[in-house]
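Please have the sequence and the 3D view ready while reading along.

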Amino acid sequence: MIKSAIKYSVLCGIFLIGIFFVSINFGSNPLLDSRHFWFDLGVYFLFIFFAGKEFKDFRNDGFLHFWQGISIGFIVFIPAILLFEATFYIITQTDSSILEAYKNGATMLLKKNEEFYLIELGEKTLNERYRSISNMSSAQLVQMTFRNKLFSAFLITPVVAIILRKKPK
């Protein structure tokens, strides 16, 4: 189970890195664009599904229990996310433009919705958000992306495990 899942995990991590760079080259900020949450869900779904399907069909005689699907999912997405985050951390340490682009984009997004935040949260909270954006470090940005990617992987793993499960008669 672990061998095939690790193979898909490395491919998933490389694919996440690739999507990140392609998005940047097309002028999208993958750190702010909500479409990347959906891309991440799709990527995790595909790689966890194929890892589970391979295990089910070729190594487990057509059976896959829910717990096995969950285990395969974890083995696929945790190293994939760690691979992405390690690469992302190295890049943010060598190229400060990614952090600055995030700060500028997040500030513009906050200004765009400033009226909503003033009404719903108040001026004090709005000012705190502006300060937290301007004081953000690259390590904090990496931590934030890690949490976001982990959240999306946790959402999709049980779905794939349910789709692939087949109990023995």
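What follows are my notes, from the whole chain down to single residues.

**Ground rules.** I am working with a predicted model, where local features need pLDDT of at least 70, side-chain atom pairs count only at pLDDT 80 or more, and totals for chains, interfaces and linings use all residues. I number residues from 1 along each chain as its sequence is written, and side-chain values use heavy atoms, with hydrogens and water left out.

**Whole chain.** I looked up the secondary structure and found seven helices and zero strands. I note that helices (H or I, at least four residues) and strands (E, at least two) are DSSP runs, numbered from the N terminus. Along the principal axes, I get a C-alpha box of roughly 60 × 35 × 25 Å.

I then checked burial, where buried means under 20% relative accessible area, exposed over 50%, and partly exposed in between (1.4 Å probe, protein chains only). Of the 169 residues in the chain, 42% are buried. For the surface I used accessible areas from the Shrake-Rupley method with a 1.4 Å probe; for residues, only the protein chains shown count as cover. The chain exposes about 10,000 Å², and carbon and sulfur atoms supply 64% of that.

For contacts I took heavy atoms within 4.5 Å. Among contacts with a separation of 6 or more, 80% join residues 24 or more positions apart.

**Pocket.** I had to settle the term before looking. On a 1 Å grid over the protein atoms alone, a pocket is an open set of points where a 1.4 Å probe fits, with protein on both sides within 12 Å along at least five of seven lines; lining residues have an atom within 4 Å of a point. Points are joined across faces, edges and corners, and the volume is the space filled by probe spheres set on them.

The largest pocket holds about 350 Å³. It is lined by 18 residues, and Pro-30, Leu-31, His-36, Asp-40 and Asn-148 are the closest to its centre. I find that helix 1 (2–25), helix 2 (35–59) and helix 7 (138–164) each give two or more residues to this lining. Helix 7 provides the largest share, five residues.

**Phe-77.** Is this side chain buried or exposed? Phe-77 is buried, at a relative accessible area of 0%, and sits in helix 3 (residues 66–94). Not counting residues up to four places away in sequence, I see Phe-77 touching Tyr-44, Ile-48, Leu-150, Ala-153, Phe-154 and Thr-157. Gly-13 is 64 residues from Phe-77 in sequence, yet their C-alpha atoms are 8.1 Å apart.

Ile-163 counts as partly exposed because its relative accessibility is 47%. Leaving aside neighbours within four places in sequence, Ile-163 is in contact with Phe-45 and Phe-49. From Ile-163 to Gly-52 I read 10.0 Å, C-alpha to C-alpha, across 111 residues of sequence. Val-159 is partly exposed too, at 38%.

**A loop residue.** I place Asp-61 in the loop between helix 2 and helix 3, where the residue is exposed at 70% relative accessible area.
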